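Work through each task with the structure open, then read the solution.

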Amino acid sequence: MLMSLLVVGSIAFDSIETPSGRVNEVLGGSASYFSAVASFFNPVRVVAVVGRDFDKSLLDFIKEKGVDLNGVYVEDGETFRWGAKYHKDINQRDTLFTKLNVFQSFKPKIPEEFVESKYVFLANIDPDLQNDVLNQVRNPEFVVMDTMNLWINGKRDSLINVLKNVNGLILNDSEVRELTGEYNLIKATKLVKEMGPEIIIVKKGEHGAFLYADDNFFFIPAFPLDEVIDPTGAGDSFAGGFMGYITGSGRLRVSEYKKGLVFGTIAASYCCERFGIERFKDLLKNELDERTEKFLKMIKL
Ligand code: AMP
């Protein structure tokens, strides 16, 4: 039986500029990308907040994928807004602005029907909110979290607190370095384990990702793309593929985490093909599976 996956994260209006063009105030946010992908594998429940300026029909395509949006609250104020500009080296981006807006005073209340969720993904939001959520969920079996430099630098103590209570952490190479103060990624990853999570995934953009679990490292490349239109949300899509796959399978073991890493990689590659979340509006499960097959052939020795 499939057991539901709860995600708490952001729903946003993103303004993005890449070498391929720009878009203004399009649907974004960690919870949006995550649920659009994870719902290919497992029913997803979302807890997030939007402002009065948000048209909920923007989430219709996610709803049609069976995602339960009962935990998306509408509060007085404006929706979270984020702006970024990517360099020619698309792994590099500058955040132009982060307007927390309704997130500033948000106190996530997990709907009663969600508190028994067995699997939880704490997408990238303020670690205080991540902590709040964990305190409300009853005995989750598997909790994974994401974070970003804003919180590593600005809310370190809260972040360290959440880390103690999760099974897994997904972050990128620069974040793992910032979190630990260690440049060598292998050493840094081992240091993160001492902070709490027993499973750590480090993403390295176009250079792939690795998993650290049971004292072993497992590396995979990224899916090679001729053109990256917009990498926004690739990290959240990666997390959606990883968490969706392993919670859908329900087998919490290293061999499955490795497969999850593959689905995460493939989801992230699709994400980059169009601006914002557009690619997930018409992506089919069999396209995801086909590219996964192609990728597995590609990396086979
Ligand atoms: P990624 O490219 O995977 O790092 O994710 C980018 C998404 O994260 C965008 O859609 C943003 O709206 C969202 N985001 C960026 N900064 C924050 C933040 N401080 N809190 C929550 N979500 C954020």
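**Exercise 1.** Which residues of H1 are buried?

Solution. The model is predicted: local features need pLDDT of at least 70, side-chain atom pairs count only at pLDDT 80 or more, and totals for chains, interfaces and linings use all residues. Residues are numbered from 1 along each chain as its sequence is written, and side-chain values use heavy atoms, with hydrogens and water left out.
Step 1. Helices are DSSP runs of H or I with at least four residues, strands are runs of E with at least two, and both are numbered from the N terminus. Helix H1 covers residues 30–38.
Step 2. Buried means under 20% relative accessible area, exposed over 50%, and partly exposed in between (1.4 Å probe, protein chains only). The buried residues of H1 are Ser 30, Ala 31, Ser 32, Tyr 33, Phe 34, Ser 35, Ala 36, Val 37 and Ala 38.
Step 3. Nine of the nine residues are buried, and H1 is mostly covered.

**Exercise 2.** Describe how H3 packs on H5.

Solution. 
Step 1. Axes are lines fitted to C-alpha atoms, for helices over the stretch in contact, and angles run from 0 to 180 degrees between N-to-C directions. For H3 (residues 127–136) and H5 (residues 156–163) the angle is about 30°, with the axes 8 Å apart.
Step 2. Contact means heavy atoms within 4.5 Å. Pro 127, Asp 128, Gln 130, Asn 131 and Leu 134 in H3 meet Ser 158, Leu 159, Asn 161 and Val 162 in H5.

**Exercise 3.** Is Thr 79 buried or exposed, and what is Thr 79 in contact with?

Solution. 
Step 1. Thr 79 sits in the loop between strand S5 (68–75) and strand S6 (80–86).
Step 2. Its relative accessibility is 0%, so Thr 79 counts as buried.
Step 3. Leaving aside neighbours within four places in sequence, the contacts of Thr 79 include Ile 11, Phe 13, Val 50, Phe 54 and Val 102.
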